[in-house]
Structure formats: C-alpha cells, structure tokens
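Thanks for coming. I will go through one model today, starting with a loop and ending with the cores.

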Amino acid sequence: MFTRELAFYCRAGLTLAQAKQLGRLAGLFKSHIQFINVSRRQAVEATSQLSLLSLATRPGDLCLLLIEGLDAEFAHLAFTCWCVELGQPLGRPASARQAEQRLMQALPDYCFSLPQLGHARAPLDKTRALGLLVDLLPAELVSDRPALEQAIAARERLAATIIRPGLAMPHVISPAIRQPAISQLCCDEPVEWGSALGPVQTLILLAVPAGLAPEQFRPLTRLARALMDDVIATALLHAGTPHARQAIVIESLLG
C-alpha cells in the first residue's frame, strides 16, 4: 500500500467541468482518493462530482488530494497535471514560500519556516524527540536552551501532551523563547509518549514567550482546535511533504 498527496492553494473555485474531470480521472485508479479542503475542514470522495461541488471551494482555499493504494504513485503523476489547473502544487518554485508569506502577512510575530520541520528516520525515545524539536527552533529565538528544555520536560511530567492517536503537541510558556515559534517532527518509527492513546509519529512543539498578550494566544488556540478535527488531523498525518505539513499548520493558525 502506498500513500501520496498533492497540496495546493486554489487560484479559482472548483468548476463543474473540473469536478467532472476529477471524478472521471479518480475512477480510472484502484487507489482510494479523497479531496480535502483544509480551509473549510471538509473531505469528500474524489469520484463523487456532486460531493466535490458541495465543498464550494473558493480562491485561496488550501486543498489536498490524498491518494492511498497500490497504484498511488501512478495516480499522483496523473493528478499533478490536473492540480496545476487549479493552483500550483506546494513545493514547486512558484509556491515554495506561499504558506510562509501568508503567515508573515497575518501573524508577523509567529515563526514557522521550512527549516523548522524535521524528519526522523531512526527510532527515538521521548526525551530525544523533544530535544530534536528544540533543535528545529531558530537559534536566535532561544535565549536559554537549558531553561526551555526544563520547562518542556516539566510540562510533560504534568500530563502527556498527546491530543489524538499518532499526534502530540508539546507546548510551553517560557521567558527562554523570544517570540512564538513552532517546530514539527515526523518520525518513521512510532515514539512512545506515555499515554493510553498510544505512540505518536507526528510532533508539533509550541514555544511561547512569557507575558504574551491574550490576543496573541488565539492562533495557538485555533491550531489546537483544528488538530482535534478529524479532517485536519487526517490531512496532517498523511501529508507526505514538509511543504504540505507546513501549509496545514499555518492554515490552522490563521483559522
């Protein structure tokens, strides 16, 4: 079984002709294909033209095609051409920084650039995973690394910060970080997180400076609520590229 995804920001809304084309194309493959509108937190089967139109996709919406099956790689190639009609797939030169630009315009105090997303191929324990998340934060934003790591560990001792199976969101408020920053780590091997919900493979660290104004916390609240949503969680846990994972988190921050 293979999993592939295509993430893109729509240039225009999905037309009837495009929905028909996508439905016909999806029917040619054995793979299960979902069309996920991350901005609207909705997901439908790509073979259903009426369901695709019910999403009411609009310009600027972040969308994802999730392809799972034995012919997923072939389907991915075919759908790449289709996606270009709606918007540039994320990761291409023309769209590589699109998510970051959206974040910069809406929340200039927040920092979540592509270097803050990591991928661990070797097995990790929880302590090492948390250390790698801190490694991914911009060094210039961390004023006291030992203090930050101690604060994160203290928070984890209160309760494991897993929010759903497969996904943990450790978070900390500390004077050791200069502005709100996020890092993300995807692990090939499940990491035991000390929770009845089981191990995790996607980790998102929220590091927030002490004394942050209440309104500056709202994006983090929006992110936490979004990740509890089945559609957003599915999109994030199955996203296969850092560009897609970054865009999903940023879209959730923006609400």
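**Loops, helices and cores**

Arg41 is partly exposed, with a relative accessible area of 32%. On that scale, buried means under 20% relative accessible area, exposed means over 50%, and partly exposed is in between, with a 1.4 Å probe and protein chains only. Before going on: this is a predicted model, where local features need pLDDT of at least 70, side-chain atom pairs count only at pLDDT 80 or more, and totals for chains, interfaces and linings use all residues. Residues are numbered from 1 along each chain as its sequence is written, and side-chain values use heavy atoms, with hydrogens and water left out.

Back to Arg41. It sits in the loop between strand E2 (32–37) and strand E3 (42–45). Helices (H or I, at least four residues) and strands (E, at least two) are DSSP runs, numbered from the N terminus. Phi of Arg41 is near 55 degrees, a positive value in a residue other than glycine. Ala56 also has a positive phi without being glycine, with a value near 50 degrees. Ala56 belongs to the loop between helix H2 (49–54) and E4, and is partly exposed at a relative accessible area of 43%.

Next, a helix pair. How do H1 and H3 pack? Helix H1 (residues 16–26) and helix H3 (residues 72–86) meet at an angle of about 170 degrees, and their axes are 11 Å apart. The axes are lines fitted to C-alpha atoms, for helices over the stretch in contact, and angles run from 0 to 180 degrees between N-to-C directions. H1 and H3 are therefore roughly antiparallel to each other. The classes are: under 35 degrees roughly parallel, over 145 roughly antiparallel, 65 to 115 roughly perpendicular, and the rest oblique. On the H1 side the contact is made by Gln18, Gln21, Leu22, Leu25 and Ala26, and on the H3 side by Ala78, Phe79, Trp82, Glu85 and Leu86. Contact means heavy atoms within 4.5 Å. By type, the residues of this contact are seven nonpolar, two polar and one charged. In that count Ala, Val, Leu, Ile, Met, Phe, Trp, Tyr, Cys and Pro are nonpolar, Asp, Glu, Lys and Arg are charged, and the others, Gly among them, are polar.

Ala72 is also in H3. Ala72 is buried, with a relative accessible area of 0%. Neighbours within four places in sequence aside, Ala72 is in contact with Phe2, Arg4, Ser31 and Ile67. From Ala72 to Cys83 there are eleven residues in sequence and 15 Å in space, C-alpha to C-alpha.

Now the cores. A nonpolar core is a set of buried Ala, Val, Leu, Ile, Met, Phe, Trp, Tyr and Cys residues joined through side-chain atoms within 4.5 Å. The largest one has 37 residues, and those touching the most other members are Ile182, Ile204, Leu223, Leu227, Ile248, Val249 and Leu253. Elements giving two or more residues to this core include strand E1 (2–9), strand E10 (200–208) and helix H7 (214–227). Which element gives the largest share of this core? That is H9, with six residues. Leaving out neighbours within four places in sequence, Val249 is in contact with Phe112, Ile182, Gln184, Ile204, Leu223 and Leu236. Apart from this core lies another, of 28 residues, among them Leu124, Leu148, Ile152 and Ala168.

Leu148 is in helix H6 (residues 145–158) and is buried at a relative accessible area of 0%. Beyond four places in sequence, Leu148 is in contact with Val134, Leu137, Val142, Val172, Ser174 and Ala176.

Last, the charged residues. The side chains of Glu100 and Gln246 are joined by a polar contact of 3.0 Å. A polar contact is a pair of N or O atoms within 3.5 Å; within protein, one must be able to donate a hydrogen and the other to accept it, and residues adjacent in sequence count only if both atoms are side-chain atoms. Lys126, in helix H5, has a side-chain polar contact of 2.8 Å with Glu156. Asp135 is in helix H5 (residues 126–136) as well, and is partly exposed at a relative accessible area of 40%. Not counting residues up to four places away in sequence, Asp135 touches Arg128 and Arg145.
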